[in-house]
Amino acid sequence: MKEIIMPKLGQTVEESTVGKWLKKEGDKVEKGDVLLEITTDKATLEVESFANGVLRKIVHKEGDIVPVLTVIGYIAGSMDEEIPEKPREQLQEEKKEEEAFVEEPVQEVQDKSIIEEVRIKISPLAKRLAKEKGIDVTKVNGTGPDGRIVKEDILAFGGAEKITAKTIPLSGIRKVIAKRLQESKQTIPHFYLSTEIDMTECVKARAEKSPKPAFNDIIIKASALAISENPEINSSFKGDSIEIVGDINIGLAVAVDDGLVVPVIRNANKLAISDISKKRDELVKKARGGKLLPSDYEGGTFTISNLGMFEIDNFSAIINPPQSAILAVGRIKQKPVIIDGNIGIRSMMQVTASFDHRCIDGVLGAKFLQKVKEHLENPKDIM
């Protein structure tokens, strides 16, 4: 005679509800057959048979709230086998009473063989996400059909998990970033200009290229050309003077494990898109491999920071001194746009430029952004 036990799912679960029995008394069952569903306060789970035989007796019917590790049914070799007189819960109570007189700590009852027979209703995507995030799915509340755990449940649970408090010493790249950007915001009077760029033609032109350049490559080229047409953007405040720098060296902000680095593509205004692609690819690989040399990141005169790949629409970036401007780039997103009185679907991108007001005035900043917009909306002129 085999007992069907209400499994203990999680350390804090003390009782669960018997759901729908999928087998009835007298039915033949094989190992792996789903016997019934149980529900906790977080999910609906399936309990599989761990033996071959017949479902001899259902002890607890649908809707019963049952303490964990108690008997809810029996599997026998035939319907003639007798059912034990004392169910498991009575045996457990007797055992607790006996152990109450023992000074040794009581060990929590664990029946792993039973727990392994429980199958949680969870979508394949949710299961993969849970594995990636290290989430115990038995603690997740399923909101899908019949309590099925879906992707949104895993994401919500992951977001609700308690963050372990800790102190991270400020060192290395993070220390440099903190120092430079604090100085930047404290000493540089920033002002910001934003515009929206129609990237539809740019998307088409890029698709016709082989190999395809990254959008960052095209934005680097467009920005470098716009700077060459507005050279005051390529300036640096020197206390009692403003220095206009001759070379246009575009830095691209790259996230690395311990912070942010900005490798530089030199004389980007003079390079073809394909050359910018090769150089950008080389520098990004070196940056993520921690192999950048000082010659790779020194001497930048303008920076581009793109968070579009993270579905950010717009943001404002902090100027990287001694530079006087930085361009923050959002994602390219299709949206309805009014064109000549008609509504059309276009690929739009928002950008925001931050300027040092000691070197650059609003009109100059606006002219620069206007040129960036023109180049990106007419990409065949630059690709």
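Helix α7 crosses α10 in a right-handed sense. In this predicted model, α10 covers residues 362–377, and the two helices pack at an angle of about 135° with their axes 8 Å apart. That angle makes α7 oblique to α10. On the α7 side, the residues in contact are I218, I219, A222, S223, L225, A226, I227 and E229, and they meet F368, K371, V372, H375 and L376 of α10. Sorted by class, this contact comes out as nine nonpolar, two polar and two charged residues.

Helix α7, which spans residues 215–229, also packs against α8, residues 273–288. Here the angle is about 120° and the axes lie 9 Å apart. The pair α7 and α8 is therefore oblique, and the crossing is again a right-handed one. The α7 residues involved are D217, I218, I220 and K221, while α8 brings in I273, I276, S277 and R280. In terms of class, the contact of α7 with α8 holds four nonpolar, one polar and three charged residues. One residue, I218, turns up in both sets: I218 is listed among the α7 residues that meet α8, and I218 is listed among those that meet α10.

Stepping back to the whole chain, there are 10 helices and 19 strands. The chain has 383 residues, and 42% of them count as buried. As for how the chain folds back on itself, take the contacts with a separation of 6 or more: residues 24 or more positions apart account for 62% of these.

Most residues other than glycine have a negative phi, and most peptide bonds are trans. Two peptide bonds can be set against that background. The bond from S210 to P211 is cis, with omega near 0°, and P211 lies in the loop that runs between α6 (200–207) and α7. L69, which is not a glycine, has a phi near 70°. L69 is placed in the loop between β7 (65–67) and β8 (71–76), and with a relative accessible area of 12% this residue is buried, since the cut-off for buried is under 20%. N267 is another non-glycine residue with a positive phi, in this case about 50°. The loop that holds N267 runs between β16 (264–265) and α8. N267 has 24% relative accessibility and so counts as partly exposed.

A further loop residue is S49, found between β5 (44–48) and β6 (53–58). S49 is buried, its relative accessible area being 0%. The side chain of S49 reaches the backbone oxygen of A51 at 2.6 Å.

Note on methods. Residues are numbered from 1 along each chain as its sequence is written. This is a predicted model: local features need pLDDT of at least 70, side-chain atom pairs count only at pLDDT 80 or more; totals for chains, interfaces and linings use all residues. Side-chain values use heavy atoms; hydrogens and water are left out. Axes are lines fitted to C-alpha atoms, for helices over the stretch in contact, and angles run from 0 to 180 degrees between N-to-C directions. Helices (H or I, at least four residues) and strands (E, at least two) are DSSP runs, numbered from the N terminus. Angles under 35 degrees count as roughly parallel, over 145 as roughly antiparallel, 65 to 115 as roughly perpendicular and the rest as oblique. A crossing is left-handed if the near helix is turned anticlockwise from the far one by less than a right angle, and right-handed if clockwise. Contact means heavy atoms within 4.5 Å. Ala, Val, Leu, Ile, Met, Phe, Trp, Tyr, Cys and Pro count as nonpolar, Asp, Glu, Lys and Arg as charged, and the others, Gly among them, as polar. Buried means under 20% relative accessible area, exposed over 50%, partly exposed in between (1.4 Å probe, protein chains only). A polar contact is a pair of N or O atoms within 3.5 Å; within protein, one must be able to donate a hydrogen and the other to accept it, and residues adjacent in sequence count only if both atoms are side-chain atoms.
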